[in-house]
Structure formats: structure tokens, C-alpha cells
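Here's a quick briefing to read with the model open beside you. Take it one topic at a time and find each residue as you go.

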Amino acid sequence: MKDDDIIALYFSRSEEAIRQTEKKYGPLCRHIAGNILNNNEDVNECLNDSWLALWDQIPPERPGHLRAYICRIVRNTALKRYRDDHTQKRDPGGLLPLDELLDHIPAKDDTAREIETGELTRAIETFLDSLSAEKRALFIKRYWFCESVKEIAGELGIGERHASVRIGRVRKHLLRYLEQEGWL
């Protein structure tokens with residue numbers, strides 16, 4: 001089913017919208033949530049929460065690109081669950097990939113953080129636009145889809161160490177860029 005048809009189902013308030021969304025985007029969403037949560041029960045709850053969020057947001061919102069819209073909702077829902085579950089404890093499986101980046105960016109009060117989030121997002125988008133397609137894909141796989149280094153290495157047909165080094169170089173390049181732009 002086409003995205004426009006799925007969106008039309010949401011606007012007609014048909015429960016078929018959820019079924020078609022899950023049928024078309026369920027595996028992708030499960031992959032995104034699974035990379036963040038690493039727990040099947042949490043992933044299932046995250047997906048249910050995400051489907052509810054879609055139901056509540058469409059309408060009135062009409063997404064221009066349904067796949068990206070859904071991925072953003074699932075990712076944000078999974079990140080919220082992850083943070084809620086790990087507020088007072090460290091993840092025994094290691095750092096969430098975003099923590100690799102956020103550990104370098106100083107925290108501000110909530111109001112300042114909200115204002116600066118948009119500006120920081122634009123700075124990161126500018127940085128990503130300056131990268132080659134390969135480096136951009138590495139960055140997005142690791143820090144947007146939260147894929148493991150092992151998964152990325154497998155997709156690229158290279159060793160884990162090589163993939164880790166390449167990801168580290170892109171991260172260092174971003175940190176230098178953010179430093180030049182006055183973010184660090």
C-alpha cells in the first residue's frame with residue numbers, strides 16, 4: 001500500500017491504518033527500536049506506543065514523508081524508554097551510541113537546551129551535508145539507527161575494527177566541526 005493511502009486511512013480514522021503501517025514499516029521500526037532497547041518486551045511496548053503516537057498525531061499532522069516520520073517517532077519513543085530505564089544506572093551492554101556524542105556536549109538548563117536544540121540540529125545537518133555519501137551513511141547507521149559496529153561492518157564487508165576506526169574518525173571530525181562552530 002502506498003504511503004498516501006495509509007495517511008488517508010489515518011485521516012478517515014480507520015484502524016486499518018495501524019495494520020498497514022505495521023505491515024509496511026514494522027520490520028524497520030522493530031530494527032530501530034531493537035538497536036536502542038536490546039529487549040524484545042521493551043521493543044514491543046515501544047512499537048505499541050509508537051503506533052498510538054501515530055494515531056494521535058495523524059491527523060491533524062500530514063507527514064510529507066511517512067517513512068521518515070514513523071522512524072522519528074519510533075526512535076524518539078525508544079530513546080525515551082531507554083533514558084527512563086537507565087536514569088540512575090549505566091547500561092551494562094555499553095554506551096548507547098548517542099552517548100558517545102552527547103558526552104562531549106555540555107548540558108544546559110532545559111529552556112536553553114530546547115532553544116539550542118534546533119540550532120545544534122542545523123549545525124549537524126550542515127556537517128552531514130559536507131560528508132561523502134559513505135561517511136554520512138556510517139554516521140547515520142551508528143548514531144541515528146543505533147546499529148552496532150558489528151552490523152555496520154557486516155553491511156560494508158569490512159572488519160569490526162576497521163568499521164570502528166572509520167566511525168571514530170567521523171565522530172572526531174564532527175567534534176572538531178562543533179568546536180569550530182562554538183558548540184564545544
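Helices (H or I, at least four residues) and strands (E, at least two) are DSSP runs, numbered from the N terminus. You're looking at a predicted model, where local features need pLDDT of at least 70 and side-chain atom pairs count only at pLDDT 80 or more, while totals for chains, interfaces and linings use all residues. Residues are numbered from 1 along each chain as its sequence is written, and side-chain values use heavy atoms, with hydrogens and water left out.

**The whole chain**

- The chain has nine helices and zero strands, so reading from the N terminus you get α-α-α-α-α-α-α-α-α.
- Of the 184 residues in the chain, 39% are buried (buried means under 20% relative accessible area, exposed over 50%, partly exposed in between, with a 1.4 Å probe and protein chains only).
- Take the contacts (heavy atoms within 4.5 Å) with a separation of 6 or more: 60% of them join residues 24 or more positions apart.

**Aromatic rings**

- A pair of aromatic rings is described by the distance of the centres and the angle of the planes.
- Rings of Phe, Tyr and Trp (its six-membered ring) pair if their centres lie within 6.5 Å; planes under 30 degrees apart count as stacked, over 60 as edge-to-face and the rest as tilted.
- The whole structure holds four aromatic pairs. One of them is F127 with Y177, a tilted pair at 5.7 Å centre to centre and 40° between the planes.
- That pair links distant parts of the chain: F127 is in helix α6 (residues 110-130) and Y177 is in helix α9 (residues 160-180), 50 residues apart. F127 is buried at a relative accessible area of 1%, and Y177 is buried at 16%.
- F139 and Y143 also make a tilted pair, because their ring centres are 5.0 Å apart and their planes sit at 55°. Both are in helix α7 (residues 133-143), four residues apart, or about one turn of the helix.
- F127, F139, Y143 and Y177 form one aromatic cluster.

**Charges over rings**

- A charge sits over a ring if NZ of Lys or CZ of Arg is within 6 Å of the ring centre and within 35 degrees of the ring normal.
- R13 lies over the face of W55, 3.9 Å from the ring centre.
- R62 has its charged end over the ring of F11, 4.0 Å from the centre.

- Which residues of α7 are buried? They are L138, F139, R142 and Y143.
- Seen down the axis of α7, those buried residues fall within an arc of 95° (the arc of the directions from the helix axis to the C-beta atoms), so they line one face of the helix.
- The buried residues of α9 include A163, I167, L174 and L178.

- Y69 is in helix α4 (residues 66-85), and at 6% relative accessibility it counts as buried. Not counting residues up to four places away in sequence, Y69 touches L54, Q57, I58, E61 and P63.
- D42 belongs to helix α3 (residues 40-57) and counts as buried at 17%. Leaving aside neighbours within four places in sequence, D42 contacts L37, R81 and D85.

- Most residues other than glycine have a negative phi, and most peptide bonds are trans.
- A cis peptide bond joins I58 and P59, with omega about -15°. The bond from P59 to P60 is cis too, with omega near 15°.
- P59 lies in the loop between α3 and α4, and P60 is in the loop between α3 and α4 as well.
- N38, in the loop between α2 (16-37) and α3, has a positive phi near 55°. Is N38 buried or exposed? N38 is exposed, with a relative accessible area of 60%.
- C146 also has a positive phi, near 55°, and sits in the loop between α7 and α8 (149-156). C146 counts as buried, at 3% relative accessibility.
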